[in-house]
Structure formats: C-alpha cells, structure tokens
Amino acid sequence: MSSDQKPTTTEPEASTSLAKSLEERLTIPDAKTAPNPTASTFTPAKFNWADEAETPTEDKKQAPTANNELPPAKIDGPADESSLAMAQQDGSSHFLNGSEATEGLLEPEYDVNVKLADLQDDPNNPLYSIHAFEDLELREELLRGLATMGFRKPSKIQERALPLLLKNPPQNLIGQSQSGTGKTAAFVLNMLSRVNLDSKAPQFLVLAPTRELAKQIAGVAGLMGMFLHDKGLQVVEAVPQTLPPRGQMLEGQIVVGTPGTVMDVIQRKRQLDVRQIKVLTLDEADNMLDLQGMGDQCKRVKAMLPKNIQTVLFSATFPPQVLEFANLFAPNANQLTLEVETLTVKGIKQMYLDCNSEEDKYSALVRFYGLMTIASSIIFVQRRSTAQQIEARMTAEGHKVASLTGALDGQQRDDVFTRFRNGDAKVLITTNVLSRGIDVQTVTMVVNYDIPETADHHPDFETYLHRIGRTGRFGRTGAALSLVSGRRDWEMLSAIGTHFGVQPMRLDSDDWDSVEKAVKDVMKNERNAGAMKSNPMKSAEEEMPEWDVEKPE
Ligand SMILES: Nc1ncnc2c1ncn2[C@@H]1O[C@H](COP(=O)(O)OP(=O)(O)OP(=O)(O)O)[C@@H](O)[C@H]1O
C-alpha cells in the first residue's frame, strides 16, 4: 500500500511519516572506490568489498512457526545424467543461446552476449573482471569446460576468490557476493583444480540446504568438469531418497549433499568414506550455520571429517552474528565480504503492488499475470497452505502452475522442479524452500505474495534478498513484485527497503493501466541500462570497490 493512502483505518499519519522518514533515510550509496590489491599480492586477510546479498530457507525455518510449517522432507541421491542435463541446460545456455524462452516482459531484443560483455567491462558491476580465466592458472580441461559453457570472463567474486582458494597450502575462505554472480563456479573450480583423479575416494564435500540446490551444484560440477570424466572424475549426490542401497558406498571424488543426509551416510549408514576429504564447502553458509536450523548438523559433519581440511563458506548474505560463528567454523579464513547497502542486484527492479486487502491480493496477482507474458516466474508464500490454495485457484482458472513445498516427498519435488526448469510450468508457487541458490535463467519475475518474515515475526531481510535473487542472474534483467495489503506489510517492506538502501516502486492495484505501463517501462529501461553503464575511461584501480584489509586473528 502506498505511503500516502493507506492504511485508512489505522493511523494514516503514521504511515505518511513512515514513508517520509523512509524517503529521508534511503540513499543508494555509490560503489566505493579504492586501490585494488592484485590477486598475486593477497595474503591471508579479510577483505570488505562493496557489492550485494542475503537470505533464509525453509530448512532454516525448522524452528516452530506460527503456521505449523514442517521442515522440508529430507532427501538424498547419487549424481545422475538428469542433473548433468539440467546443469547443461541451465549453465550453458546463458551465452550459447541468447534468445531462450523469454517473451513478453523480457523480450530479448538485445544480444545477451553484447550486454554481458558490457556489464563485465563495468568496474561497478559485480560481474566485472580485469582478468581472464587463463590468468587464474586453471588446468587446461577446466578452461575448455568453461569455454564450452560459454563463460568468457570471471566475475569479480570468481576473480577474487579463486587465487585465495587455490593457494597452497590451502587456506579457509569466507566469500560473499550478490545473488547470481557465480559463487558456485568459484568453489567448484577449487575442487576440480585440486582433485586427484587417480583415486576414486571422496575428496570434497559440499553441503547445501536443500535437495534442489545440492543437485544443481552436483550438475554444475559435472558440467564444468566435463573434460575430466574420461579421466575418472565422478560427482555424487547425497540427498534423501536417491542414495545407493544399504551396504553400497557413495563413490565419487566430489560429494554434494544436504547436511542431515550426509550425517546419516557417514555415521549411521556408513556409506561415505570421509578419510580422504580435503575440502568442505558450505553453500548458503549463513543459512547452513544458523544455530536454530542446520548449524548443529554442519558442526557434527565437520567433526567427522579429517582435521585441518580447507573450509570454504559462500553466501550472498552473512548477517553479523552468523559471520562470527562462520569465523569459528572456518578459522583464520580469508574473507571477502560486502557492505549491506551493496547487496541488491541492480538489474532486479523492485516494485510493490498496493492491494486493498489480504483477499484482494489473489485477484491482484491473477490480474497482474493477465497483463503481460512472463517467461517464467516464482511466487513466494510464507505457508504451505497458501501455496496449495493459490495453486488450486490458479489451476482452476486455467493457468499452468506448479507448486513445490517441503510437504512433497523427494521424487515429487524433483518432478515439479523439472517441469519448472523445462518450462512446462511457467509459474512456480513455493515457500522459502526454494528461496536460495536456485538458478533458472528464464525466471524474469519474482513475486513476494507474502512479505518474508522471520519465525519471530520480524521482516526477514536475508530471505527477501535471496528470493528476489532468483531472477536477474548473471547480468540478466528481472523484476520483483511484493504484494502489500495492510499496514504491517507496508512496515515490513519499508524496513527491508531501509535495510538495503533501496525503495521499491509503488504500483496501484486500483489503476491497472498505469501498472501495465510502469512494469513494461521498467523492464525496457532495465534492459537497456546495462550497455550504458560502463566507463572505459576509468582505470580498473580507480573504480574498484573499497577493500578493507585485515589480518585474520
Ligand atoms: N564467468 C561466468 N560467465 C558467464 N556465466 C557465468 C559465469 N559464472 C557464473 N555464470 C552463470 O551465472 C549464473 C549464476 O551463477 P551461480 O548460480 O553460481 O550464482 P550464485 O552467486 O551462486 O547465486 P546465489 O547467491 O543466488 O546462489 C549461472 O547460470 C552460471 O552458469
């Protein structure tokens, strides 16, 4: 709802002053500029670099919630061809096929290659890089893999993190960068660079919060290592309901799984030999280390691994209290962290739709979808029951939608998610279970049907950021629409805007012509913006964000 109109029944002045104070406080800071330490001069240190990110998942919300949401079903499984094909489709199509299924909102009038090249030339963009992958001393098979995937230049996080990760003796790393900027490739390349292909023993363990993300990471590792398979590379998943039969070991140098299942296959089922593990990586590390969620499981897994292994933590968000624990989990880590104001991805246009009531949200949603063709979109809700209701209503009205929540079993989740990835379902309704890490490049719209809130009913900053980060991946454009239906929603969204230093654009559900025009304009402007941002006149050093360098304790 708007600052000046609503709520009409409850203290309109308060709402107005809220908006005013919001306006006063909201300034979008410029990227900081400062000397840029070159990769070769890095010593174990903490770097604070300007950019963007943050989020929680359904797994995190295993703590009791008001709506009795249960934690997601636990899932497991070995690496298979489908995950490779999935990653292939997702990972490689970005540059190989610029005219993928984006229609309507995001007609790709531009050439994706040209636009991305511009973004990667822009020092203020997180995709910017002054190096080539060739400078990063990667083995030849990996360079070929990257080229086949269409990766032309590393992003900032890849360029910064890789030299730190690949140093010998190996050092721990805590790495933060905005959603969709290629953190997966950074930690996957570390593993693929360090792998000993003469041994089939598990050497690398990656933990991720959900089965979908674990499978996605396994797929990326398989794809990036495509030229190492005939030399013996194997990637295996450890997610529920896809494990080999009891008594059979998980085989593969790279194991990717969810923490509960990994704990189970090490300790109880004894299907994972961890004696040769040399790197432990946590993706979505702030979520994984959350003590109310999976923190305990991750700690227990780590305790079962050999001592003195390299520990690598990545996320788009590291709230201060979690960062503290992260430093205990990965002692003496090199640190690449970002200021909170730099976490939002500029290519994601943030909007909110002012609805008249909670019930009005559904009709506004359906009307919004009727306005334009959207390639693919994700609707996030807070509760499973809401997901089911919206799915039923939209399906009854002839929309092709799917819904994925922790209420489904592993196979059902895989089926639904495959339908969405393939484009058979264009709209996915889900809870926070899919808020983190999921990379489906055709997603051009994220809808926050419910404003994300924590279990203790505060605005959930991290989840908001991760949710909207499901669009706008690696330089793509996207839009995020939050539905606001009352004073509380408005206050929560305002707090989120203040936290990140952004102000979502208001759309009025009483004026659909203007909504349609505004959204189309937004998408057009965003689409054209990338190519105009770069400033080739400034040297890389002049324009690099500020890095605070500290020695680790
Ligand atoms: N150097 C690169 N060149 C081109 N594309 C890339 C490059 N690095 C990564 N990508 C692509 O960018 C997309 C986003 O990457 P990835 O999923 O690793 O992002 P992320 O930083 O982990 O995001 P999140 O915080 O949401 O988990 C993927 O489709 C990946 O294939």
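**A friendly note on the ligand shell, core and sheet**

1. The shell around the ligand takes at least three residues from each of domain 1 (91-341) and domain 2 (348-532); these bounds come from an automatic or database domain assignment. Please keep in mind that this is a predicted model, where local features need pLDDT of at least 70, side-chain atom pairs count only at pLDDT 80 or more, and totals for chains, interfaces and linings use all residues. Residues are numbered from 1 along each chain as its sequence is written.

2. Around the ligand there are 24 residues, the closest being Ser179, Gly182, Lys183, Thr184 and Phe474 (a residue counts if its C-beta atom, placed from the backbone, lies within 6 Å). Helix H2 (81-96) and helix H6 (183-194) are the elements that give two or more residues to this shell (helices, of at least four residues, and strands, of at least two, are DSSP runs numbered from the N terminus).

3. Now to the core. The largest nonpolar core has 127 residues, and Ala221, Met224, Ala238 and Val256 touch the most other members. Such a core joins buried Ala, Val, Leu, Ile, Met, Phe, Trp, Tyr and Cys residues through C-beta atoms within 7 Å, buried meaning 20 or more other C-beta atoms within 10 Å of a residue's own. Helix H7 (residues 211-224) contributes the most, with eight residues. Because domain 1 (91-341) and domain 2 (348-532) both give residues to this core, it lies between them.

4. Finally, look for the open sheet of seven strands, ordered E11-E12-E10-E13-E14-E9-E15 with parallel pairing (strands pair if DSSP finds at least two bridges between them). At its edges are strand E11 (401-404) and strand E15 (505-508), each pairing on one side only. E11 and strand E12 (residues 427-430) are joined by four bridges in the parallel sense.

Terms used
Buried ≥ 20, exposed ≤ 12 C-beta atoms within 10 Å, placed from the backbone.
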